[in-house]
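Hi,

Here is the structure I promised to pass on. Have a look at it first, and my notes follow below.

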Amino acid sequence: MRAGFLLGEVGNGLRRNASMVVSVVLVTMVSLFFLGIGLLSQAQVSTAQGYWYDKVQVSIFLCTPDATEVASCADGAVTEQQRQQIAADLDGLSPLVTEYFYESNEQAYDRFREQFRNSPVLDSIPQEAIPESFRVNLSDPSKYEVIRAAFEQAPGVESVEDQREVVDRLFAFLRVLSLGALALAVAMVVCAVLLISTTIRMTAWTRRRETAIKRMVGASSFSIHLPFILETVIATLVGAALAVGLLWATVRYGITGFLSELLAGESGLISLVGERDLWLITPFLVGGALLLAVVTSWLALHRHVRV
C-alpha cells in the first residue's frame with residue numbers, strides 16, 4: 001500500500017469520525033493523567049519515607065506527678081538524679097545515638113499549646129500533665145528496640161515512643177490515597193479499552209462498503225486493518241501528549257512550584273517528586289497506551305472486519 005494513499009485514507013477517516021476520535025483522545029488523556037498521578041504518588045511516598053525516616057526521633061517521656069500507676073514512676077515525678085542517669089545512659093549508647101536533647105516541662109507545654117491552639121479542650125489540660133522528655137536521634141532508626149529495651153523500665157521513665165510508628169500510619173494513609181488514584185486509573189483504562197473497541201466497530205460499520213470493495217480486489221487483512229489502527233494510534237498519541245502536558249504542569253507549577261514553597265521550612269529543604277520523576281515514567285505511559293491501542297484495535301478488527 002502506497003504511503004500517500006494510506007495517509008490520505010487515515011486523514012479522511014479522522015475527519016469523518018471526528019467526534020469518536022475526540023472521545024478516544026479525551027478518555028486516553030484522563031486515563032493516563034490519573035495513572036501518572038498514581039505512579040507519582042507512589043514515588044512521592046517512597047521518597048518522603050526515606051527522607052523522614054532519617055529524621056524521626058525516639059521520645060523518652062519522663063514521669064509526671066500523676067503517672068504513679070506506671071511501675072517506674074511509683075515514686076512520683078522524675079528526679080534530677082534520674083534525669084542525669086538517663087543522659088549518661090544515652091551517652092553510653094554512642095554511635096547508635098547520634099544526638100539527643102532534653103525538653104523541659106515548660107518547653108513541652110509551649111509546644112503542645114502551639115500544636116493544638118485551635119482545640120476546644122486546650123485550656124482544660126494542666127501544664128503538669130505534659131511530660132518532659134529526651135528526644136533521641138539514631139544512626140539507624142530501625143534499631144529503635146535497643147532504646148526501648150534500655151529505657152522502658154528505667155527509673156523516672158514513663159514511656160518510650162518511636163515517632164516512626166506515627167510516620168508509618170501517615171504513609172499508610174498516603175499509600176491508600178495513591179492506590180485509590182491507581183484504581184481510578186485502571187477503571188479509566190478499562191473505559192478507554194471499551195471506547196476504542198466500540199469506536200473501531202462503529203467506524204468499521206460505517207465504512208463497510210469500502211472494506212467490501214477492498215476484499216473484492218484482493219486486499220490483504222493487514223492493508224484493510226492498518227488505516228483503522230493508525231487512526232486509533234494517532235488519537236491515542238494526542239491523548240497521551242495532552243496527559244503528559246497536564247502532568248508536567250501539575251509537577252512544575254503545583255509541586256515544585258507552589259507546594260515546595262508552601263511546605264519548605266526554615267531549612268528550605270523538603271523532598272518532593274519533580275520533573276525528572278515525570279520523565280522517567282513518561283515512556284511507560286506513552287508506550288503502554290500505544291500498545292493497548294494497537295492490541296485493542298487489532299482484536300476488535302479481527303472480530304468485526306473479516307477478510
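A residue is called buried here when its relative accessible area is under 20%, and exposed when that area is over 50%. Please keep in mind that this is a predicted model.

With that cut-off, the buried residues of helix H3 are Gln-82, Arg-83, Ile-86, Ala-87 and Leu-90. They cover an arc of only 140° around the axis, so they lie on the same side of H3. The face turned away from that buried side carries Gln-81 and Gln-84, which are exposed. The helix itself runs over residues 80-91 and spans 17 Å from its first C-alpha to its last, close to the 16 Å expected.

What lies over the buried residues of H3? The cover includes strands E1 (57-62), E2 (97-103), E3 (133-138) and E4 (157-162), along with helix H5 (144-151).

Those strands are worth a look too. The four make an open sheet with antiparallel pairing, in the order E2-E3-E1-E4. E2 and E4 are at the edges with a single partner strand each, so one side of each has no neighbour in the sheet. From one strand to the next, the twist averages 20°. Antiparallel E2 and E3 are joined by six bridges, and Glu-99 stands opposite Asn-137 in E3. H5 packs on the sheet, where it touches E1, E2, E3 and E4, and its direction makes about 175° with that of E4.

Ser-133 is buried, with a relative accessible area of 0%. Its side chain makes a polar contact of 3.3 Å with the side chain of Arg-135. Among the residues Ser-133 touches are Ile-60, Phe-61 and Tyr-102.

Best wishes

Definitions and conventions. Residues are numbered from 1 along each chain as its sequence is written. This is a predicted model: local features need pLDDT of at least 70, side-chain atom pairs count only at pLDDT 80 or more; totals for chains, interfaces and linings use all residues. Side-chain values use heavy atoms; hydrogens and water are left out. Helices (H or I, at least four residues) and strands (E, at least two) are DSSP runs, numbered from the N terminus. The expected span of a helix is 1.5 Å times one less than its number of residues. Buried means under 20% relative accessible area, exposed over 50%, partly exposed in between (1.4 Å probe, protein chains only). The arc is that of the directions from the helix axis to the C-beta atoms. Contact means heavy atoms within 4.5 Å. A polar contact is a pair of N or O atoms within 3.5 Å; within protein, one must be able to donate a hydrogen and the other to accept it, and residues adjacent in sequence count only if both atoms are side-chain atoms. Two strands pair if DSSP finds at least two bridges between them. Axes are lines fitted to C-alpha atoms, for helices over the stretch in contact, and angles run from 0 to 180 degrees between N-to-C directions. Lists of a residue's contacts leave out its neighbours within four places in sequence.
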